[in-house]
Amino acid sequence: MEIISDILYWISTGLLVPVIIILILLFIRSLLLIGSFFGQYLAIHKSASQVRKALTGVTRENVDAVIERLPKKSDMLVNRYIKAIIEAKDEPAEIQRLLAEYEIEADKDLTTSKMLAKLGPMMGLMGTLIPMGPALAGLASGDIDSMARNMQVAFATTVTGLVAAAIGYVTQQIKQRWYLQDITNLEYLYEILKK
């Protein structure tokens, strides 16, 4: 039984460095996500009302005018799909494919946020529990320096994992709302074209 315990201890201790490296990478990725999210927020804030206005009062007869009313300089995903749907207005199967493709691309954009929201707490918890064993062993043997060092690692990994997860969760929730609004606009356009 002691051999099995030793093997498990070596495995968990050996995982500490990879877990810390993964946590550092997740934290860096979350900072990059904040930057890209802010840029995306500015673009959506500018063009969302223009997209709404472009789709207001649209009928099958005047649907081509929507393209002229869309923001010209915007490279938003929804603008590309509105144009593609209007170009395929007489092909319902192609429009259905475009709607499904849009959902796939939107989900692809959410991947980083979802990954941070799920992996951050997992890695943070692993980074907390792994050094707790040596910290408790240090406490039992009276080595307070070792215990303090291990506790510092445990708390730092927890905080790092939670910060990365919080950034991932918040950006995921907001982006999902944006994409839900976009898919609503695209489905509205499709219903107009079906008539």
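Which side chain meets Lys114 in a salt bridge? The partner is Asp107, with N and O 2.6 Å apart. Here is a friendly tour of the rest of this predicted model, which has five helices and zero strands.

**Overall shape**
- Along the sequence, the pattern reads α-α-α-α-α.
- The radius of gyration is 25 Å, whereas a compact globule of 195 residues would come in near 16 Å.
- Along the principal axes, the C-alpha atoms occupy a box of roughly 85 × 35 × 20 Å.

**Contacts and surface**
- Of the contacts between residues at least 6 apart in sequence, 76% connect residues at least 24 apart.
- Buried residues account for 36% of the 195.
- Carbon and sulfur atoms contribute 67% of the accessible surface, which is about 11,700 Å².

**Charges**
- The protein carries 20 positive and 20 negative charges, and their mean positions lie 9 Å apart.
- Across the whole structure, eight salt bridges turn up.

**Salt bridges to look at**
- Lys114 and Asp107, the pair we began with, are both partly exposed, at 25% relative accessibility for Lys114 and 38% for Asp107.
- In helix 4 (residues 92-141), Arg97 and Glu94 sit three residues apart, about one turn of the helix, and their closest N and O atoms are 2.6 Å apart.
- Arg97 has a relative accessible area of 40%, and Glu94 has 24%.
- Glu101 joins Glu94 and Arg97 in a network of salt bridges.
- Helix 5 (residues 144-194) holds Glu191 and Lys194, also about one turn of the helix apart, and their salt bridge spans 3.3 Å from N to O.
- Both are partly exposed, Glu191 at 41% and Lys194 at 48%.

How values were computed: Residues are numbered from 1 along each chain as its sequence is written. This is a predicted model: local features need pLDDT of at least 70, side-chain atom pairs count only at pLDDT 80 or more; totals for chains, interfaces and linings use all residues. Side-chain values use heavy atoms; hydrogens and water are left out. Helices (H or I, at least four residues) and strands (E, at least two) are DSSP runs, numbered from the N terminus. The radius of gyration is taken over C-alpha atoms; the globule rule is 2.2 Å times the number of residues to the power 0.38. Buried means under 20% relative accessible area, exposed over 50%, partly exposed in between (1.4 Å probe, protein chains only). Contact means heavy atoms within 4.5 Å. Accessible areas come from the Shrake-Rupley method with a 1.4 Å probe; for residues, only the protein chains shown count as cover. Lys and Arg count as positive and Asp and Glu as negative; His and the chain ends are not counted. The place of a charge is taken as NZ of Lys, CZ of Arg, CG of Asp or CD of Glu. A salt bridge is a side-chain nitrogen of Lys or Arg within 4 Å of a carboxyl oxygen of Asp or Glu.
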